[in-house]
Amino acid sequence: MDLTVEWGQVHALLGENGAGKSTLMNVVYGLIRADSGEMRFDGAQVQVHSPQDAIGLGIGMVHQHFMLIPPLTVADNVILGQETARAAGVIDGRASRRTVRELSHRYGLQVDPDARVQDLSVGVQQRVEILKALYRGARLLILDEPTSVLTPQETEGLFQIVRGLTAEGSAVIFITHKLGEVMSVADRITVMRRGKVVASTTPAESSPADLARLMVGRPVLLRVDKGPAQPGLPLLQVDELSVLDDRRQLAVDGLSLEVRAGEILGLAGVEGNGQVELVEAIAGLRPTRSGRVTLCDREVTAASPRRRLRAGLGHIPADRHRMGVILELPISDNLVLGDFDRPPFARGIVRLLAQVRDHAAQLIKSFDVRAEGPQQVAGALSGGNQQKVVVARELSNGPRVLMAAQPTRGVDVGSIEFIHRQIVEQRDAGLAVLLVSSELDEVLSLADRVAVIYRGQIAAVLEGDEIDRDRIGLLMAGAKTDEVAATGEGG
Amino acid sequence: MPLVAILLGFVVAGVAVAITGADPIQAYLGLFQGAFTNKHAFTESLIASVPYVFLGLAVATGFRAGLFNIGADGQFYLGALGGVFVGFSIHGLPGVVHIPLAILAGIACGAVYGGLPGFLKARFGAHEVITTIMLNYIAYSLSDYLINRGPLGDPHSSAPKTPFIDPSAQLPIIFADSRLHLGLVLALLAVPLIWFLIERTTIGFRIRAVGLNPEAARSSGISVARTMVLVMAISGGLAGLAGADEVLGVSHFMPPSFSIGYGFDAIAVALLARSNPWGILPAAFLFGAMRNGAGFMQLQTQVSADMISIVQATVIMFVAAPVIVRWLLRLREVPAESLQITQPEGVGAAPKT
Amino acid sequence: MDAFLHVLQRGDLVNLAAATLVASTPLVLAALGGLMCERSGVVNIALEGIMLTSAFVGYAVAFNTHNLTLGVLAAVLAGMAIAGLHAVLSIAFVVDQIVSGTVINILAVGITGVFYRAYIQQAEVRGPGVLPVWKLPGLGDIPIVGPIFFQQAFVTYAALALIVVVHLVLFRTVWGLRTRASGEHPRAAETAGINVYLVRYVNVIASGALAGLGGCYFSLQQVGNFLPGMTGGQGFIALAAMIFGRWTPLGSFLASLLFAGAGALAGRLQIYGVHIPYQVLGMLPYVLTIVVVAGAVGRAVAPAAVGKPYRRS
């Protein structure tokens, strides 16, 4: 594949998850070796074997998952690898802090060099990453999915920084799968699919719909077919719940919500506003500080995960590899993780493996898991098929409440459609569905009601016509409900 | 692959012996003679293998749950204390009652002593590697205290030791004109039993799930904390069984210092068997035969019996890093694989419970 | 009660303090080594084996050359060599770091046992003696402080100095910053242009030098002889001291003093006829260590990536 980036331009690299964008940029940055091909920089052929080579050329990269070291200060993170030292390798702390402060000031980044990175918000951490690249003299800056963790407002701030950089003659490669961002920030667009460049264009010459088609390879269903919800009684109730995060900070702060039978409640919000802690607290994986969780009229605030499972909770966890499947075990075992010690899968303490296999064969068929058979290990499946295994397991337990956290993250388009259909079918069958997703589009297309979470609290619950992208965006960014209503009227 | 590792282990240890100026060939001949060449040597090798079977199973069971039980030695002591106490303090029981009672006492003592670090890990996040090592030293002091003129000491003996156990508690000899005792049969039964437990029961499934992915296990409703305590208790119980078996089957009393460093040997056995219960049998026999032959070798050739520690260390190394073997044998390049047993967390780092 | 009063008399307190400092020497050094290693992301339960090997090699060289300085030097080099094996296994061959440490510990028993029997045990030559006590001129005469800190032998002085050195290296230098980065988030360090493998290799080997110096304390400063297994689990207690000290040099020093002090006090109580069985006193440091790792250690202070092998992708 070929890619040419010019100075002073923002070049968007557009493609689905797994299209090869990040891989390509890791090659450019020297983290991965290319099997073949050549790279030119400023017209000269170059070899980049390591990040050092890339840095030497003036290439900087801001990774999707930040490459910052949380317990260290901003200044330490920025200078790491290119420290100014006095005799005997002693770091010149004053000089490095001064440099960081100056750089931060020059590009309007507003970062305190003495703050510890772990105490900073995600948006500020991203600016530390940019600072790191600038400190290393980057003239070509690669931003890998930079907006996935930002509020719409923070995103706008980032765009301004990016424009400032290109105005000074630098080049920026902007990796994303979000069409709107491409249209507003890019000078040139390259679309990738399955490791190949399928188009090279500009915002003026194309439309979001064209780009979407190029990206996916076929027209996508932007909306999921679903009828109106017929909500019944509340099955999941969360009252005044407070939960601490791993750093013992209040992550969920007196939050209340309610999900009724036969509806999908979408929980929208920028990552890191307490979603993870809320989901874990509902699932029984994290202790609560105060408040109540009620599942099908039974209080389960202090119940074990197992008791909640039995009380009717199905949970599709956000991090599939960490919590959803056990990669080394066969599909059949993964499909009975919650039920392995009950009939028909066990008699006493003896497992009945034939039953386990039959059960697996059945689910593999009905959930369209592409696998060789029940005995294949889960690790050999694609991400989408692993997720189908999780979905199949959680639904086969006969839940009355389904909590789906980031159910389609890192999953191919076909599987996304399948999983979305399943979620809607379950709603129609009378389940209460809590959908937690940082993909606003997913929430918008599936949810019957949308709750916006901000700093551990529900900022607003929107229904029917109130559900509006801009409005949700503002709420996600911390705007108050009445302010949102006012801007809504004004705009 | 394990065979190559063993062979290389002998080569490395042989080189070390050669550096000291001794003849490695003579040393290995001595080792072999001491272990195999007559009926006596062979049955003694079998006798020496019995504790390794139980201890290897103990460590391997821990590995399956991602737990590193370095405390098998201490649990062995506790099991021996329990077994010997029931053996000498209760009189007048028939063998069919006395023996099982003494064995159960050993298992129970080992299980409690093994369960303790499991509990400390589950409840407080104390890394089992540190706590089990500490518990080993505590067990040595404890048995010294109890036996050396303490409550379990033999008041009629000038040497620090416990009284002899009653004949009714002694494991019967199963092979005439030898010391080969019923423990061998118990060991042969323990292997399929543990295999069944791990591969075919719900308890074993819990253990494996927790070992492979504790977070996924927890989020599916398996109690990781309870499983950790349970698996450490099973592991400790097996090590305790080994200790009871030694006093009831071989020594019939207990001196304050009883083990010959069984704990680390057990790790080697479990690693060599790749934590597979069936693999424990040959691995335990190898180590039992080496231990048995080493004494004869030291007498014959003046090469220290500690040489077999070099063999063990190198065998573990080659089993744990098959890449080295391939590289040594100049095999085609294969993707790097390696053995990861412990959960990827620091020693002392607190896991989420 | 009388006994406790005896212990509390001033002269005895100074003696106790001095004995504690001496006894903490190998703990401090091994703990410093352990924390250099773990700060870079490699678990080191091999400290025990490294110390045992160095105790032997140091003694063997001093014995054969009749030169204690060469003995100390050899002990340090031996520690580096065997730690190098730990580094190669756990870094290059991505062996589970605890398995690798276990290999070192068993190997140390084997090597020292075999060579001890072959060369030292039967020899009938006079041993090399012990490192002399240097009373520092002036400083050694200060009341209370002098007898405690300035009437010691080489390894103890070195340990005291190295606490400061390791602290400065870790928190003030480029190398220290890179070490901490590699132990917290190796991938981030790599993208910042740091060779994580190199950082880890150097730190593991440095930990061998430190623990090796600690090892020769036993054979060259304390006893003047080598005995198989003479390190007696001190390497493991050093690891506990490092954890108790929250992976910092000063903390490790204080924890080492606590552990060593428990032992020194136990010995003294014995002398004054306090009737506690010596085995119970002997258990104290181990019980204390368990209490420490179970309760007193704050959560989440270990380097985030310690124990995780790092692979470039």
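The model is predicted, so local features need pLDDT of at least 70 and side-chain atom pairs count only at pLDDT 80 or more, while totals for chains, interfaces and linings use all residues. Residues are numbered from 1 along each chain as its sequence is written, and chains are lettered from A and ligands numbered from 1 in the order in which they are written.

I start with the interface. On it, 51 residues of chain B are in contact with 48 residues of chain C; contact means that the C-beta atoms, placed from the backbone, lie within 7 Å. On the chain B side, the elements giving two or more residues are α1 (2-19), α5 (95-124), α6 (128-147), α11 (262-272), α13 (307-320) and α14 (322-328). Helices here are DSSP runs of H or I with at least four residues, strands are runs of E with at least two, and both are numbered from the N terminus. The largest share of that side, 10 residues, belongs to α6(B). By class, the chain B side has 34 nonpolar, 14 polar and 3 charged residues. Nonpolar covers Ala, Val, Leu, Ile, Met, Phe, Trp, Tyr, Cys and Pro; charged covers Asp, Glu, Lys and Arg; the others, Gly among them, are polar.

Next, chain C. Helices α7 (residues 154-172) and α8 (residues 174-184) of chain C have axes that come within 5 Å and cross at roughly 70 degrees. The axes are lines fitted to C-alpha atoms over the stretch in contact, with angles from 0 to 180 degrees between N-to-C directions. α7(C) and α8(C) are therefore roughly perpendicular, the term for 65 to 115 degrees. From α7(C), the contact uses V169(C), L170(C), F171(C) and R172(C); from α8(C), W175(C), G176(C) and T179(C). These divide into 4 nonpolar, 2 polar and 1 charged.

Last, chain A. Which residues are joined by a cis peptide bond? They are P343(A) and P344(A), with omega about 5 degrees. P344(A) sits in the loop between α12 (331-334) and β15 (346-347).

E145(A), not a glycine, has a positive phi of about 45 degrees, and lies in the loop between β5 (140-144) and α6 (152-167) of chain A. E145(A) counts as partly exposed because it has 18 C-beta neighbours inside 10 Å; 20 or more would be buried, 12 or fewer exposed, with C-beta atoms placed from the backbone. R455(A) also has a positive phi, near 45 degrees, and is found between β19 (449-454) and β20 (457-463) of chain A. With 15 other C-beta atoms within 10 Å, R455(A) is partly exposed.

Terms used. Contact = placed C-beta atoms within 7 Å. Parallel < 35°, antiparallel > 145°, perpendicular 65-115°, else oblique.
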